[in-house]
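Please find my notes on the model below. They are meant to be read with the sequence and the coordinates open.

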Amino acid sequence: MTQRPVTLGTVLTVLALTLPLAGVGCGGEPWYVDEDGDGFGTTLGEGRRPEGAAVVDGDCDDTNATVHPEADELCDGLDTDCDGVVPVEEGDEDDDGFLVCAVGGAVSGGLMGGDCDDADPSVHPSADEGCDGIDTDCDGVPSGAETDDDGDGYVECAPSGWRGASDVKGGDCDDAHATAYPGSLEVCDGVDTDCDGTVPDAEKDDDGDGGVECTVVGEWLGAPGVVGGDCDDADAGVAAHLAEVCDGRDNDCDGQPSADELDPDRDGVVGCEWVQPWLGAPGITGGGDCDQEHTAVHPGADELRDGADTNCDGVLLAEEVDDDGDGYVEMPVVEPFWIGMDGMGGGDCDDTRPEIHPDQAELCNGIDDDCDGEPSRAELDRDGDGVIGCMPSQWQGGGAVPDGGDCNDFDGSVRPGASEVCDWADNDCDGLVDDDDPSVAAASFRTFYRDDDQDGFGVDTDTTEGCALPDGYAPAAGDCDDVDRHVHPFAREGCDGIDNDCNELVDDDDPDLDLALALTWWPDDDQDGYGDGTQQALVMCAPPDAFWSEDGRDCDDGDPNTHWDAPELCNGLDDDCDGHPDVPSIGGATSELGCDMCTTAFDYRRSNIHIETYDPCDLDPLAQDLCGNRVHDVRWREDATVLRPELFVFLPPSAGTFNNNLMSWVAHAGYRAITFGQANDVHLSDVCSSSQECTIAFHEEAFYGNDVSPYVDIGPHDSLDTRLSVLLHHLNDTYPSGGWDQYIDPNDDGPMWQNIILSGWSKSTTYLVYAAEMEQVGGLLFFSNPNNDLSDLVLTTPACRRNAIYHEDEYPLFDFPDQQSFEIGFRSMGMTGPTIDMDTERWPFPDGSQIFTTGTYKIDRPDCTAHKAVAFDNCMDTTKLIRPYVDIFCRIGDVDPSSCP
């Protein structure tokens, strides 16, 4: 503490304060008792001032000479300068026995100075420096273990009551590097990054080659000069910083030895000059391989004619070298034996001249320019006529210029200056041939004959001459009728009353009659117009008498009432020769046509069936789409006293009706039958593809006439539902006792669908599916459709009332075999019954049968297909299908109601 000087001002001030109270000594000067002799008193004296008395008052402690108003304030815990205040730094606020200031004298209680935080009793010069982040022992700094020198949030000591600048953690094993602290990710840097007490093996240089296994991340902090990426830390010859040497190892750790340390051609020799010992792949015997693609090339190999330095001595064979640089060598270049330069050709016949090689164009010079063994034909005189092919102006060889321009050097008669004749050749090499050359010799002309009917034979009376056949003429004569192209000397004699082959003989009088064009005649002893096809036939134009017939389908030539197409009577005989005689059965006569519909008065003819046809517009003037195109055809048996209760309605295909035979069979089986002239011109598959919504709209408009589809334009009066209603009402009015009323619904006057069997062929069957979905019909019969998946539809009509017929040879659809495509469609509608071959099975069919096939007949007509053969009149073999078809109709009408609702 600094000693302050005593000034006059101070003395005067003190006197002023004390004069009123103090005594005055001799001479009038006051004095004060000064016990401690510091020149300042405390008590005003009386009488004469004694020696040593103070003349100045204000001593606040007259027992301590260091305490007076002019004293310097010391760090002693006292009011040394008597100003009435002890400085704060001389106090011990935290009672830890230490003052803030540095003690300068004796302090009561033995207090010491140097407290750097008098608010914290744990902080003072004698305190232990703990790990709390502050200067606990007041030496000016925290201990080194308490400082986060690298700023990573960790100090070296273990924090206890941390009071530093921030919350840190302890245990830093390396406070010089911010990447090293407890819990840090151990990286390849050469130090204990995560402070777990160990450095990973991958960061150690085990083989002492200056490399470690791991890849150095950031700055390497370990031993100087170490690099990462050592792929073999047990081998001092392998490290990422080492140079690659020829020893088979991956010395530089780039993933593999150098390319020239490999042996891709497996000849035991590598490309580099190897260093012993070899530590790579086994089997290597040496180095210096100059071609590692080919096994045959390596030092010590035999030199081969392959275009390569086979023995790696740096020298090729002479014939392997392209001396003239034309891209060809002398030796043959044959793949795969040639392993030399790509694109090199062989067979150079002169390797000193680049203009001569196999790919060179042949010049007119008498030299073999293209190395094919001889000059071009144009340079030679092969036929020995003294003229070569190329022109003299083209000659580029030496010596005399030969005559040139021979256009055929294989024929000595052909050359410039020769005579032109009719032989389709340019004899004089002037570029003109035969009639086009005005110099052609007339002596070589041929004679041609006028041929008006263009049959290749002309008349003798009209000829012309020339080299080539002119239009309207023939090269041969002898045509006896130049108007008919089928009459000429080479024509086939047929049965037409004409001399076809111009030999003046006709038909059977001509021994050259072509029997393939004649007629076949069979004996017809009973004169019924049908011959016995089992007897010897005559092949000629006309039979010798009337006891012959062109039709050999009589199975009994002694009975004029038995022959093909005769009325089939219920007499046990095969009257119509179809192979199915009418055999009586127990309980009454049963026709070959089935269903107990045969009577002694009945034979199978359409004349026994009543047929009505109606124009839709006559029935309903508001109908439009079918007027003048199709009709409704109605049929029923006139001879049957009791007809079947079901009405059979047939929907034709897009091509039209053409189903008269089929509907006659239906009528013969006892049904009232209607062929319904419905419009089927738009193909559903063409407009709707696989859209269910489009399909339903399409059918709804066709069936009910609702305007819901953009693809068809069918009004209510043109719909199937309305037209059938109108037709049924007309039939009921016309034939009131005909039983037509049972097909009319008394509730809405529409069709009584449960009494109606619906049938259709081809495209029209899709309408049947919709009808069976919307209404419960009496039965369904599909002909050759549907062949698409209908499993999403819910049909009101029971599955047991659905039936189908298709031909086994139907065309394939949907990439399935024929039969499978239809089976899939029918099965998807719930038709689970067995498939029956109606060519072999007979009524009654097995229980539950629903799908029927036919495939035994073939009809030889170009416009007939298996698809048409099922229901198209012109393609149906009525001799074989009558019986099985009528059996099918019996099946539909005789369903057991106890098993099928």
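This is a predicted model: local features need pLDDT of at least 70, side-chain atom pairs count only at pLDDT 80 or more; totals for chains, interfaces and linings use all residues.

1. The protein chain contains nine helices and 17 strands. Of its 901 residues, 45% count as buried. Taking contacts in the protein chain between residues at least 6 apart in sequence, 41% join residues at least 24 apart.

2. Strand β6, residues 519–523, is joined to β8 by two bridges, and the two run antiparallel. Across this pairing, W522 stands opposite S549 in β8.

3. Strand β17 (residues 851–854) deserves a separate look. Which strands pair with β17, and in what sense? Strand β15 (residues 802–807) runs parallel to β17 and is joined to it by four bridges. Strand β16 (residues 835–837) also pairs with β17 in the parallel sense, over three bridges. I851 in β17 is the bridge partner of A804 and also of T835.

4. The side chains of β17 can be read face by face. In a regular strand, side chains alternate between the two faces of the sheet. In β17, I851 and T853 are on one side, F852 and T854 are on the other, and all of them are buried. Both faces of β17 are therefore covered, given that buried means under 20% relative accessible area.

5. D434 is buried yet has no salt bridge. The nearest side chain of opposite charge is R446, which is 7.3 Å away. A salt bridge needs the nitrogen and oxygen within 4 Å, so R446 does not qualify as a partner.

6. What does lie around the D434 side chain? A polar atom of that side chain is 3.2 Å from the backbone nitrogen of D423. Neighbours within four places in sequence aside, D434 is in contact with E420, V421, C422, D423, W424, A425, V440 and C467.

7. There are 18 aromatic pairs in the structure. In one of them, the ring centres of F783 and Y885 are 6.0 Å apart and the planes are at 40°, so this pair is tilted. It links distant parts of the chain: F783 belongs to strand β14 (residues 779–783) and Y885 to helix α9 (residues 878–893), 102 residues apart. F783 has a relative accessible area of 0% and is buried; Y885, at 0% relative accessibility, also counts as buried.

8. Y885 has a further ring partner in F889. Their ring centres are 6.5 Å apart and their planes are at 80°, so the pair is edge-to-face. Both residues lie in helix α9, four residues apart, which is about one turn of the helix. F889 is buried, with a relative accessible area of 0%. Ring pairs link F648, F650, W665, Y671, F783, Y885 and F889 into a cluster.

9. The structure holds 13 salt bridges. One of them is between the side chains of R163 and D132, at 3.2 Å from N to O. Both residues are in the loop between β2 and β3, 31 residues apart, and the pair links distant parts of the chain. R163 counts as partly exposed at 37% relative accessibility, whereas D132 is buried at 6%. D120, D132 and R163 are linked in a network of salt bridges.

10. R249 forms one with D235, and the closest N and O atoms are 2.3 Å apart. R249 counts as buried at 18% relative accessibility. E319 counts as partly exposed at 24% relative accessibility, and R305 counts as partly exposed at 44%.

Note on methods
Residues are numbered from 1 along each chain as its sequence is written. Side-chain values use heavy atoms; hydrogens and water are left out. Two strands pair if DSSP finds at least two bridges between them. Buried means under 20% relative accessible area, exposed over 50%, partly exposed in between (1.4 Å probe, protein chains only). Lys and Arg count as positive and Asp and Glu as negative; His and the chain ends are not counted. A polar contact is a pair of N or O atoms within 3.5 Å; within protein, one must be able to donate a hydrogen and the other to accept it, and residues adjacent in sequence count only if both atoms are side-chain atoms. Contact means heavy atoms within 4.5 Å. Rings of Phe, Tyr and Trp (its six-membered ring) pair if their centres lie within 6.5 Å; planes under 30 degrees apart count as stacked, over 60 as edge-to-face and the rest as tilted.
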